[in-house]
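The following note sets out several points on the strand pairing and the surface of the structure shown below.

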Amino acid sequence: MDYSILAIDLVNTVVLRLSILAQAAAPGGAAPEAGEVNLLTSFFGNPVNLLMLAVMLFFFIVIWPQQRQAKTQQLAHEQALAGMKKNDRVITSGGIHGVIIQANSDEPVITIRIDENTGTRMVVNRDAVVKVFTET
């Protein structure tokens with residue numbers, strides 16, 4: 001689901017409603033007198049304030065949740081790389097599928113078997129592994 005479109009629609013709705021509130025008459029149905037300034041009118045009457053409010057809402061509705069999701073995915077990927085063991089299936093960043101033959105946690109490289117018939121092996125960097133399929 002694309003949250004950015006929903007966020008933009010929400011921001012437009014909020015800004016529209018707040019601008020209507022800012023233009024509304026004073027409480028009690030009477031129009032404000034010449035010297036009296038309504039707080040909502042003074043705040044939302046300025047387009048810069050409306051723009052700042054829209055940017056803040058966009059940040060809290062779209063950008064901040066995406067940052068949290070990216071951080072969660074990064075932590076999960078780091079845990080998967082740290083937990084790699086023999087017989088786990090992996091996919092490298094180059095698109096090579098293989099089975100781990102040797103993976104020491106203190107070494108930056110792992111050895112994978114990329115061909116079942118001939119037993120062809122390849123040494124790759126641990127960071128080159130994109131996805132780990134753990135055998136259960």
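1. In strand β2, His97 is the bridge partner of Ile91. The model is predicted, so local features need pLDDT of at least 70 and side-chain atom pairs count only at pLDDT 80 or more, whereas totals for chains, interfaces and linings use all residues. Residues are numbered from 1 along each chain as its sequence is written, and side-chain values use heavy atoms, with hydrogens and water left out.

2. Strands β1 (residues 89-92) and β2 (residues 97-103) pair in the antiparallel sense over 3 bridges. Strands are DSSP runs of E, at least two residues, and helices are runs of H or I, at least four, numbered from the N terminus; two strands pair if DSSP finds at least two bridges between them. The β1-β2 hairpin has 4 residues between its strands, and Gly95 in the turn has a positive phi of about 90°.

3. Strand β2 also pairs with β3 (residues 109-113), in the antiparallel sense over 4 bridges.

4. Thr92 lies in β1. Thr92 counts as buried because its relative accessibility is 6%; buried means under 20% relative accessible area, exposed over 50%, and partly exposed in between (1.4 Å probe, protein chains only). Leaving aside residues up to four places away in sequence, Thr92 touches Ile112, Val124, Ala128, Val129 and Val130 (contact: heavy atoms within 4.5 Å).

5. Phe59 is found in helix α3 and, at 33% relative accessibility, counts as partly exposed.
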